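Subject: Structure handover

Dear colleague,

Here is the structure for your files. My notes on it follow below the view.

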Amino acid sequence: MSGLTIMDPLEPHTWRHGTVVAGMPWKNPVGTASGTFNLDACGDYYDVSQMGAISTKGVSPVPWEGNPTPRTAESPAGMVNSVGLQNPGVDHYLVDELPRLKALGANVVTNVAGHSDEDYATVVERLADSPADMLEINVSCPNVSHGGMSVGTDAKALNRLITRLRGLTDKPMVVKLTPNVTDIVEVARAAVDGGADALSLINTLVGMRIDINTGRPILAQGTGGVSGPCILPIALSFVWRVRQALPEVPIIGIGGIDSGRTALEFLYAGANAVEVGAAALVDPVAPMRVARELDDLLDERPDLADLLRKGECWR
Ligand SMILES: Cc1cc2nc3c(=O)[nH]c(=O)nc-3n(C[C@H](O)[C@H](O)[C@H](O)COP(=O)(O)O)c2cc1C
């Protein structure tokens, strides 16, 4: 991962290359990835309205405490986490984080978490008339005992859930997929057939670290989700395969992005936009730095820039 970047958050920048995801215009193709952005922590580093989009931490029907600690561990070129969707719940989100983000002018993608179909439906209904610009349904968290990833690994269950949610909201709905499946195309298709307007991929891969002094897992939960540059090649191959099978669906590529160049790889793999996750935990300015580097790289690639601007993709 890159080291800390000193960047003047007020440095003026006029974006030259935007994108469109499921009808929603982004100033640039780079968003923050869910769970790695917190307004209180990141808002001082850069102007959040200048990101393509801000994907929030997963929002559940009631406050969730998350998993016991320790719940993060470093790993070669990445990390493993078992935070477990800790968040203050949708009521708090609607009166606190969401209005604050909108007041700052951010494009908000609200990440939705649940333990059951009922949970997801409750949150989506509560958000239906909110100022959130887009909903990202997280059916891919490996760190909750039920719901989360179990929905995202079962094409039938996923299709049933997304069909139900589609009936509850007119907001653009992105479904966030897990790589912990045998056939990503089958689940991608199930989400789109259920009414997903776009797909985001990938969430973390199941992994763990062991403390060799105790012989026990480092994470209290045992296993967690791996993220960071080590998952980049895997994430790219998932985007590539889904794009191959579903040429029309907008895709947000996620996984190991820490530079404009790695973001560009996702755009060439067929993504319409990207999100930056773990890199922001090392360098809080990383999402903005990636966006600016990508803006420069797109200057030299007018064909790709033109496709993105029209809401289309490279392949
Ligand atoms: C600490 C942490 C918390 C996360 N929380 C969420 C979450 O609440 N909802 C979600 O959809 N993804 C969550 N993710 C997954 C990221 O959004 C992203 O999909 C994943 O980390 C891969 O991208 P990266 O390699 O750039 O981090 C989380 C990741 C990390 C590292």
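How many of the 10 residues of helix α9 (residues 260-269) are buried? The count is 7, so α9 is largely enclosed by the rest of the structure. Please keep in mind throughout that this is a predicted model.

Thr262, Ala263, Leu264, Glu265, Phe266, Leu267 and Ala269 are the buried residues of α9. Directly after the end of α9, glycine 270 has a positive phi of about 120 degrees.

Of these partners, α11 has its geometry worked out. Its axis and that of α9 are 8 Å apart, and the two helices pack at an angle of about 65 degrees. Their crossing is right-handed. On the α9 side the contact involves Gly260, Arg261, Ala263 and Leu264, and on the α11 side Val290, Glu293, Leu294, Asp296 and Leu297. By class, the residues of this contact are 5 nonpolar, 1 polar and 3 charged.

**Helix α7**

Helix α7 (residues 184-194) is also largely enclosed by the rest of the structure, since 8 of its 11 residues are buried. Those buried are Ile184, Val187, Ala188, Arg189, Ala190, Ala191, Val192 and Gly194. Just after α7 comes glycine 195, with a positive phi of about 120 degrees.

**Helices α4 and α6**

Helix α4 (residues 117-127) packs with helix α6 (residues 155-166) at an angle of about 25 degrees, and their axes are 10 Å apart. Angles under 35 degrees count as roughly parallel, so α4 is described as roughly parallel to α6. The crossing of this pair is right-handed. Asp117, Tyr120, Ala121 and Val124 make the contact from α4, and Leu161, Arg164 and Leu165 make it from α6. Sorted by class, the contact of α4 with α6 holds 5 nonpolar and 2 charged residues, and no polar ones.

Strand β7 pairs with two strands in the notes I have. With strand β4 (residues 53-55) the pairing is parallel, over 2 bridges, and isoleucine 54 stands opposite valine 108 in β7. With strand β8 (residues 134-138) the pairing is parallel over 4 bridges, and here threonine 110 stands opposite leucine 135 in β8.

In a regular strand, side chains alternate between the two faces of the sheet. Both faces of β7 are covered: Val108, Thr110 and Val112 are buried on one side, and Val109 and Asn111 are buried on the other. In terms of the count, 5 of the 5 residues of β7 are buried.

Asparagine 111 lies in this strand, which spans residues 108-112. It is buried, with 27 other C-beta atoms within 10 Å; the cut-off for buried is 20 or more. Not counting residues up to four places away in sequence, asparagine 111 touches Ser34, Ser55, Thr56, Lys57, Gly58, Val59, Glu136 and Asn138. One of these, glycine 58, is 53 residues away from asparagine 111 in sequence, yet the two are 4.6 Å apart from C-alpha to C-alpha.

**The four-stranded sheet**

An open sheet of 4 strands runs in the order β5-β6-β14-β11, with antiparallel pairing. From one strand to the next the twist averages 35 degrees. Within this sheet, β5 and strand β6 (residues 78-81) pair in the antiparallel sense over 4 bridges, and alanine 73 stands opposite valine 80 in β6.

**Threonine 36**

Where is threonine 36 placed? Threonine 36 sits in the loop between β3 and α1 (39-42). It counts as buried because it has 22 C-beta neighbours inside 10 Å. Apart from neighbours within four places in sequence, threonine 36 is in contact with Gly277, Ala278, Ala280 and Leu281. The C-alpha atoms of threonine 36 and alanine 279 are separated by 8.6 Å, although these residues are 243 apart along the chain.

Regards

Terms used: Residues are numbered from 1 along each chain as its sequence is written. This is a predicted model: local features need pLDDT of at least 70, side-chain atom pairs count only at pLDDT 80 or more; totals for chains, interfaces and linings use all residues. Axes are lines fitted to C-alpha atoms, for helices over the stretch in contact, and angles run from 0 to 180 degrees between N-to-C directions. Angles under 35 degrees count as roughly parallel, over 145 as roughly antiparallel, 65 to 115 as roughly perpendicular and the rest as oblique. A crossing is left-handed if the near helix is turned anticlockwise from the far one by less than a right angle, and right-handed if clockwise. Two residues are in contact if their C-beta atoms, placed from the backbone, lie within 7 Å. Ala, Val, Leu, Ile, Met, Phe, Trp, Tyr, Cys and Pro count as nonpolar, Asp, Glu, Lys and Arg as charged, and the others, Gly among them, as polar. A residue is buried if 20 or more other C-beta atoms lie within 10 Å of its own, exposed if 12 or fewer, and partly exposed in between; C-beta atoms are placed from the backbone. Two strands pair if DSSP finds at least two bridges between them.
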